[in-house]
Amino acid sequence: IVDLDPEGHLLIRGQAGSGKTTVLAARAGRIISIYGEGKILFLTYNSALTSYVRSCFRKAGIKARQSKVDTYHQWASKTARKR
């Protein structure tokens, strides 16, 4: 899944704790390394997952300027305030 073509949509399903977030964080890192530029938005359901993904990105050498990691609620709230 991490190495599949980054174009298009991908649905990953699984039980809680099965590694969906870990796989998606690795895939996001792979996409950033393939394109070498740009920024990726990674939305999670809760703050604990947000912290975990940020930690994964740091360990993988992905700089904060290359990624934006938020909960869906935080992102939606910030986006709504901008309008």
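Helices (H or I, at least four residues) and strands (E, at least two) are DSSP runs, numbered from the N terminus. The model shown is predicted: local features need pLDDT of at least 70, side-chain atom pairs count only at pLDDT 80 or more, and totals for chains, interfaces and linings use all residues. Residues are numbered from 1 along each chain as its sequence is written, and side-chain values use heavy atoms, with hydrogens and water left out.

View A. The 16 residues of α1 should span 22 Å at 1.5 Å a residue, and the end C-alpha atoms are 23 Å apart, which agrees; the expected span is 1.5 Å times one less than the number of residues. Among the buried residues of α1 are T21, R27 and I32 (buried: under 20% relative accessible area, 1.4 Å probe, protein chains only). Their cover includes β1 and α2.

**View B. Helix α2 from start to end.** At its start, a side-chain oxygen of N46 comes to within 3.1 Å of the backbone nitrogen of A48. T50, V53, S55 and F57 are the buried residues of α2, and α1 (20–35), β1 (40–44) and β2 (67–71) are among the elements that cover them. G61 follows α2 and has a positive phi, near 85°.

**View C. S67 in strand β2.** S67 belongs to strand β2. This serine counts as buried because its relative accessibility is 11%. Apart from neighbours within four places in sequence, S67 is in contact (heavy atoms within 4.5 Å) with K39, I40, F57 and I62.

Terms used
Buried means under 20% relative accessible area, exposed over 50%, partly exposed in between (1.4 Å probe, protein chains only). A polar contact is a pair of N or O atoms within 3.5 Å; within protein, one must be able to donate a hydrogen and the other to accept it, and residues adjacent in sequence count only if both atoms are side-chain atoms.
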